[in-house]
Amino acid sequence: METTGDYERPRRVAVPPSKPFLKSLQTSLKETFFPDDPFRQFKKQPTSRKFLLGFQYFVPILEWAPRYTFDFFKADLIAGITIASLAVPQGISYASLASIPPIIGLYSSFVPPLIYAMLGSSKDLAVGTVAVASLLIASMLGKEVSPTENPKQYVQLVFTATFFAGVFQASLGILRLGFIVDFLSHATIVGFMGGAATIVCLQQLKGMFGLVHFTHETDLVSVMRSVFGQIHQWRWESAVLGCCFLFFLLLTRYFSKRKAAFFWINALAPLTSVILGSLLVYLTRAEEHGVQVIGHLKKGLNPPTASELAFGSPHLMAAIKTGIIIGVIGLAEGIAVGRTFAMFKNYHIDGNKEMIAFGMMNIAGSCTSCYLTAGPFSRTAVNFNAGSKSAVSNIVMATAVMFTLLFLTPLFHYTPLVVLSSIIITAMLGLLDYEAAIHLWKIDKFDFFICLGAYLGVVLGSVEVGLIIAITVSILRILLFVARPRTIVLGNIPNSVIYRSMDQYPIANNVPGILILQINAPVYFANASYLRERISRWIFEEEDRLKSAGETSLHYVIVDLSGK
């Protein structure tokens, strides 16, 4: 301390020495793109060891496979068979949602899980088709090519969109741009997924009422107009059958939530519904009474489709646009689901590795008659609860689906479409996370309205509009946080040297003659003017308060820039 007259003043803090430009740039790039320092393991290693470690880094199965035990395999075998029982009916259902042949839904549960098992870092993620991406494909590509009038061209566009989705996903992982997905906040994902789930459920009214013609639009008004504009074409047989299976599926879901022992019943309920529905239609000849069925499914494994990718199509830009959008949705859902279940088992998954794995499995899938796959929550939850220990459960599931493709596909001929609609509705109800929305309302009203805006954008506009709203509002939220950071007044907690927000801690006391402010964000050019004006206002308000209370006038202003 320096002494001047009757008071002491603190010494000035020295300015830190400047760093060379290249070193400063290197540090910034490392902090931005390599926060986990993936090169740490290569230090002080011989060349051969570096090569092996690099191979293990990009193909994680080589790292954990030597430690794999028979006990793990027994657990993965049970989990794999369990999720296969869910993958078959869901694959067929979601393929119909995407307006593509049902067999493609089965193909998509064979090749992609094998790729992910080699490249993925999650022990619990179960790979498969997802409803939201399926709906996006139908709504976006259906505007370019009619799936009923030009089914071959439409399917080629679907494969092409899947290819570009994979390229986009893998590129993000290779370029270490995984943080881009983090721009979708939890509130926007809850709202968007809830809105998409609502639209998917409404779309299933076509199957529930046995309607042949239905709107390709996804907004609430168009769907309701299409449903109630064809009341004379409603088939009571389909409606009754659909309500019965929907009640059965919801009942098993309810009991599984009430008691963990009923988990297996809920996991096997979709396949049970398909079997019972097929037997019922076959025995009662319900097909002759207006109940629509899947029809013939071709036996055999995935035919190669690399030559069918429509790179020369006039609709190529639509396929690229669709691929990028469904790629983002697949990443956002898959990585969020993977991280959620990884926390339960206390291990870490690498977001960039996941992006590469997702990208490679979709690139490979597009060349083998598959459309977009990700990590759906419902299938992953079943895999987790069934006791999976590693990604081998995906290999077991793929093997079971392969067996189905080779020998069992004719058995699905009589599967009623209304059962598939019931399965989709039941799965989508799990995405309507109203509890999370209520929690947002209690914690942060602004986040709640972001969630509500994303939901209404999907339901009243379209899935694309809802996605645009979700991304735009997320970015605006970040910009608003940077440009208008919170400033709070700190007070002293009695009998301590601790200072806390006076709004949150009513017992905190003002320090006489001193105003202590804390800024909850870094200071940038974007918020410098705002902070100067806001701090001035705090000073004026504090001086007015002290004057009206007859207390000591304000002498010092302390600004805490730690951004806690």
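These are my notebook entries on what I looked up in this predicted model.

**Entry 1: the whole chain**

I began with the overall layout. The chain has 22 helices and 6 strands. Along the principal axes, its C-alpha atoms fill a box of roughly 105 × 65 × 55 Å. I then looked up burial, and 49% of the 564 residues count as buried.

**Entry 2: salt bridges**

How many salt bridges does a search of the whole structure find? My search came back with 7. I went through several of them in turn.

I took Arg67 and Glu63 to start with. Their closest N and O atoms are 2.9 Å apart, and the two residues form a salt bridge. Arg67 has a relative accessible area of 51%, so I noted Arg67 as exposed. Glu63 has 36%, so I put Glu63 down as partly exposed.

Next I went to helix H4, which spans residues 70–97. Lys74 forms a salt bridge with Asp71 there, with 3.6 Å between the closest N and O atoms. These two are separated by about one helical turn, because they sit 3 residues apart in that helix. I checked their accessibility as well: Lys74 is partly exposed at 42%, whereas Asp71 counts as exposed at 52%.

Then I turned to helix H22, residues 528–549. Glu541 and Arg537 both lie in this helix, 4 residues apart, which I logged as about one turn. They form a salt bridge whose closest N and O atoms are 2.9 Å apart. Both ends came out as partly exposed: Glu541 has a relative accessible area of 36% and Arg537 has 45%.

I also found a network of salt bridges, which links Asp444, Asp447 and Arg477.

**Entry 3: a positive patch**

Which residues form a positive surface patch? I found Lys30, Arg40, Lys43 and Lys44 in it. Arg40 sits in the loop between helix H1 (21–33) and helix H2 (47–58). Its relative accessibility is 52%, and exposed means over 50%, so Arg40 counts as exposed.

**Entry 4: aromatic rings**

I counted ring pairs next, and the total comes to 20 aromatic pairs. One of them is Tyr57 with Phe58, an edge-to-face pair with 5.2 Å from centre to centre and 90 degrees between the planes. Is Tyr57 buried or exposed? Buried means under 20%, so at 15% relative accessibility Tyr57 counts as buried.

I also wrote down one aromatic cluster, formed by Phe341, Phe344, Phe377 and Phe384.

**Entry 5: contacts across the sequence**

What is the C-alpha to C-alpha distance between Ile471 and Phe183? I read 7.5 Å, for residues that are 288 apart in sequence. Ile471 lies in helix H21, which covers residues 463–483. Ile471 has a relative accessible area of 34%, so I listed this residue as partly exposed.

The other pair is Ile324 and Gln169. They are 155 residues apart in sequence, and their C-alpha atoms are 8.3 Å apart in space. I placed Ile324 in helix H14, residues 316–344. With a relative accessibility of 35%, Ile324 counts as partly exposed too.

Key
Residues numbered from 1 in each chain as written. Predicted model: local features only at pLDDT ≥ 70, side-chain atom pairs only at ≥ 80, totals over all residues. Heavy atoms only, no water. Patch = residues over 30% accessible without salt bridge, like charges linked within 9 Å, V, L, I, M, F, W, Y side chains within 5 Å. Areas by Shrake-Rupley, 256 points an atom, 1.4 Å probe, with all protein chains shown as cover. Salt bridge = Lys/Arg side-chain N within 4 Å of Asp/Glu carboxyl O. Lys, Arg positive; Asp, Glu negative; His and termini not counted. Charge placed at Lys NZ, Arg CZ, Asp CG, Glu CD. Buried < 20%, exposed > 50% of the residue type's maximum accessible area, 1.4 Å probe, protein only. Phe/Tyr/Trp six-rings, centres within 6.5 Å; stacked < 30°, edge-to-face > 60°.
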